[in-house]
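Dear colleague,

Please read them with the structure open beside you.

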Amino acid sequence: MAYLTKEIVKNAIEEMQSLEKTLNKVYSDYGLSFRDNTGRRNAILSQAQEVFLSNALNENGEISFVDGRTGYPDITVESQRRELECKLTSGSSGTWSLQTDYTTISKKIELDYIYILANKNFDEFAVLFFEGLTKDDFYSPSPGAREKSRMNKSSAMKKCTVFMGDVTVKNEKMTEQ
């Protein structure tokens, strides 16, 4: 049974939305736009994602913690003996980049991942939870990709639980037309 639930994810996202709204106002008060650069916004909110998810896990009976140091898991779920990598991303031109650090996944037998996909206004989400991904679920990094590896969605999606939103397989959609 998965240790993450829709309720845990929903609670963490609500906290993230509250923080994002506050940060958006602070930036606006200084004549800046927090939402125009979604990459920067997501980087700033990624620590909150880890802390809020870990807190929600703990409130639901798990034992988890966030370390934050380079080379350590985003969240260690000690009660499940699992490591959870957290990713927050926003789409670009209708596509979503689901990637990881190839060095990290290569050193581990398997890792769990949660990808929170957010729109520009941070009010619509898709949440994908993957259990037991291995390096075989990712492509080798291309030259110049700074060790970032794209997910091989055809294999990884078999290990996915969708907590929010919908997943559409473009290949299947295109063959239906």
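For what follows, a residue counts as buried under 20% relative accessible area, as exposed over 50%, and as partly exposed in between. Glu110, with a relative accessible area of 36%, is therefore partly exposed. Please keep in mind that this is a predicted model.

Glu110 forms a salt bridge with Arg82, and their closest N and O atoms lie 2.8 Å apart. This pair links distant parts of the chain, since Glu110 sits in the loop between helix 3 (102-107) and strand 5 (111-118), whereas Arg82 belongs to strand 3 (residues 82-90), 28 residues apart. Arg82 is likewise partly exposed, at 22% relative accessibility, and a network of salt bridges links Arg82, Glu110 and Asp112.

A second pair joins Glu20 to Arg35, with 2.7 Å between the closest N and O atoms. Here too distant parts of the chain are linked, with Glu20 in helix 1 and Arg35, 15 residues apart from it, in the loop between helix 1 and helix 2 (38-59). Glu20 counts as buried, at 2% relative accessibility.

Within helix 1 (residues 6-29), Glu14 and Lys10 are separated by about one helical turn because they are 4 residues apart. These two residues form a salt bridge in which the closest N and O atoms are 3.0 Å apart. Glu14 is partly exposed at 40% relative accessibility, and Lys10 is partly exposed at 36%.

In total, the count comes to 9 salt bridges.

Methods
Residues are numbered from 1 along each chain as its sequence is written. This is a predicted model: local features need pLDDT of at least 70, side-chain atom pairs count only at pLDDT 80 or more; totals for chains, interfaces and linings use all residues. Side-chain values use heavy atoms; hydrogens and water are left out. A salt bridge is a side-chain nitrogen of Lys or Arg within 4 Å of a carboxyl oxygen of Asp or Glu. Helices (H or I, at least four residues) and strands (E, at least two) are DSSP runs, numbered from the N terminus. Buried means under 20% relative accessible area, exposed over 50%, partly exposed in between (1.4 Å probe, protein chains only).
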